[in-house]
Amino acid sequence: MKSFFGHPPGLAICFMTETWERFSFYGMKALLALYLAKHFLFGDHASFAVFGAYAALVYVGPVIGGYIADRYLGFRKAVTLGAILLVIGHLGMALEGAPAVESSGVVVRDPFYLQAFYLSLAFIIVGVGFLKPNISTIVGALYQQDDPRRDSGFTIFYMGINLGSFLATILCGYLGETYGWKYGFGLAGLGMLFGLLTFLWGQKYLEGHAEPPAPDDLKKRSPIGLSVEWTIYLGAVAAIGAAWFMVQSFDLLGNMLSVFSAVVVAAILYFCFFRCTPVERDRMLVALILTLFSVLFWALFEQAGSSMTFFADRNVDRVVFGMDIKASQVQSLNPMFIILFAPVFAALWIGLAKKGWEPSTPVKFALGIIQAGLGFLILVYGMQFADGNAQVAFIWIALAYLLHTTGELCVSPVGLSMITKLSVQRVVGLMMGIWFLSSAAAQYIASLIAQGTSIETAEGQAFDPHAALASYHAVFEYIGYVGVGVGIILLLTSPILKKRMHGIH
C-alpha cells in the first residue's frame, strides 16, 4: 500500500481501526440511555445522570492515557491495551439479565447484572482513555508540520469515525430495540474485536511513529518490584475499579472533574509561561482558549444521546416512507451527514487554502457553535406544528441533526488538527488528552442540560407527551440562543486569536 487517497498509508490503518472502535462505541452509546430507562427502569433524571457520568469519564481517561503514551508506552502499545479493554467491556454489556420490574412504586433490579453493567462501562472508560487520544496523535505524526494535507487527512480520519458510527446506530440500534438489548451490545463488542485485529495487522504502515519513546525505560523496575510496563498495566486494572465506582457517583464525579480540570489547566498555564518561548506560549494559549469554547459546542451537540433520543422516542413521528425508525437509529442522521459532507468540507478547506480564503481555526469554531445553536432553534420552530398527539414531523429533527453535523465538521476534525499544530511537540499527547478532557466537562454539562428536560415516566414511557413537548421546547430554545450568542462573540474575537497563532492557520 503506497498511499491512501493521496495520504500516507498509515492513515488507512488508523482509519479502519477507528472505524471499528467507533462502531463499538457508538453502537453501545445509541442504546445506553434507552437501556437505562426501559431495561433497568431508571427515571429520566437518573438515566441522564448515569449516562452523563459514563460519558464524562470516557473523556477524562485520555488525559492520563495520552501522558502515559507520551512518556512511557508509546502510541502502539497504548492503543493495543485500550482496544483489549474495550473488547472486554463491550462484550460484557451483552450480559443483559432479567429486566427490572416495578411494583407499587418500587423498582426491583437484579444487583448482579446491574453491577456487571457498571463494570462493563468501567472497562470501556479505561479502554477509551488509552486508545482515543493516541490513535489521533498517530494520525498527526504521519504528516510534517507544514503539510497542507493535514486538515484533509484529519477530516478523512473523522469520516472513518462516522462510518463506524453510522453502521453501529443502524445495526446495533435495530437489534437492541427489536430483538433484545444483548444482541445490540454483543454486535458492538464484535466490532471492537475486529478493530483490534486490524490495528495489530497494520502496524508496519505506521512508519515507526507509534513506538515507545524510550523502550529500555519500560524494562526498569518500578517501586513495587514490577517492570514499568507491567506496573502501567496493573494501574489500568486499578483504574477500572475506580471507574466502576465513579460511574455510579454523578455528583461526586462533578466535584472531582472540576478540581481535576482546574489542576490540569493550571499545569498547562505554568508550562506556557515558564517552559515555552513567546511564540510557543501564544500558540498554546490559543489552543487552550479554543478548547474551552469547544466545551459549549459539545454540551449542545451531545444532547443527541440523551435528551434528543428521548425526544425522538416520545415526541417525533418516526414513520418515514412507511418505515418505522427506532429512536436509537435517529442518531444515525449525524454520521450519515458526516459521510456525505466530510469529503465536501475536506475539499473545501484545501480549495480555499489554495486561494488564500480559508477561514482561520477560530472562525471555524465560531461557525460550528452558531450552527449548534441554530439546530435547536429550528427544532423549536418545528414544535409549533406538532399534531394532536404532541408528535413532531421527522423533518425537523433531521434538520437539527444536519446543522449540528455541519457545525461538527467546523469544530471536531479541525480541533484535532489544531491541537497537533499549535501544541509544543513534547506535550502534544497531553494536549490531545486535554482536548478530550474538555469533552468530559461538556458531557457533564450536557447531562445537567438533559436533566432539565426530565419528566414523570412509567416503565420508561412519558405519562403526558404534551408535558414532555413543553419541557423540551423550553430547554432547547434556551440553549439554542446561548449557542448562537457565544458563537457570535467568538467570531468577533477571532482576529485577535488568529494573530496569536503566529502564521499557523
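## Serine 227

The side chain of serine 227 reaches the backbone nitrogen of tryptophan 230 at 3.2 Å, a polar contact in the sense of a pair of N or O atoms within 3.5 Å, where within protein one must be able to donate a hydrogen and the other to accept it, and residues adjacent in sequence count only if both atoms are side-chain atoms. Serine 227 is placed in the loop between helix H6 (215-219) and H7, helices being DSSP runs (H or I, at least four residues) numbered from the N terminus.

With a relative accessible area of 13%, serine 227 is buried, since buried means under 20%, exposed over 50% and partly exposed in between (1.4 Å probe, protein chains only). Not counting residues up to four places away in sequence, serine 227 touches Leu218, Lys219, Lys220, Arg221 and Ser222, contact meaning heavy atoms within 4.5 Å.

## Basis of the model

This is a predicted model, in which local features need pLDDT of at least 70 and side-chain atom pairs count only at pLDDT 80 or more, while totals for chains, interfaces and linings use all residues. Residues are numbered from 1 along each chain as its sequence is written, and side-chain values use heavy atoms, with hydrogens and water left out.

## The largest pocket

The largest pocket has a volume of about 490 Å³. Of the 22 residues that line this pocket, Leu57, Val60, Gly61, Ile64 and Ala239 are the closest to its centre. Two or more lining residues come from each of helix H2 (44-92), helix H3 (111-141), helix H7 (228-246) and helix H8 (250-274), and H7 supplies the largest share, 8 residues.

Sorted by class, the lining of the largest pocket has 18 nonpolar, 4 polar and no charged residues; Ala, Val, Leu, Ile, Met, Phe, Trp, Tyr, Cys and Pro count as nonpolar, Asp, Glu, Lys and Arg as charged, and the others, Gly among them, as polar.

Threonine 309, in helix H10 (residues 307-315), is buried with a relative accessible area of 2%. Leaving aside neighbours within four places in sequence, threonine 309 is in contact with Leu34, Gln303, Ala304, Ala327 and Gln331.

Valine 482 belongs to helix H15 (residues 465-500) and, at 29% relative accessibility, counts as partly exposed. The C-alpha atoms of valine 482 and leucine 296 are separated by 9.1 Å, although these residues are 186 residues apart along the chain.

## Cysteines

Cysteine 172 is buried at a relative accessible area of 0%, and cysteine 410 is buried at 5%. The structure holds 0 disulfides, a disulfide being a pair of cysteine sulfur atoms within 2.5 Å.

Conventions: On a 1 Å grid over the protein atoms alone, a cavity is a set of points where a 1.4 Å probe fits but cannot get out, and a pocket is an open set with protein on both sides within 12 Å along at least five of seven lines; lining residues have an atom within 4 Å of a point. Grid points are joined across faces, edges and corners, and a volume is the space filled by probe spheres set on the points.
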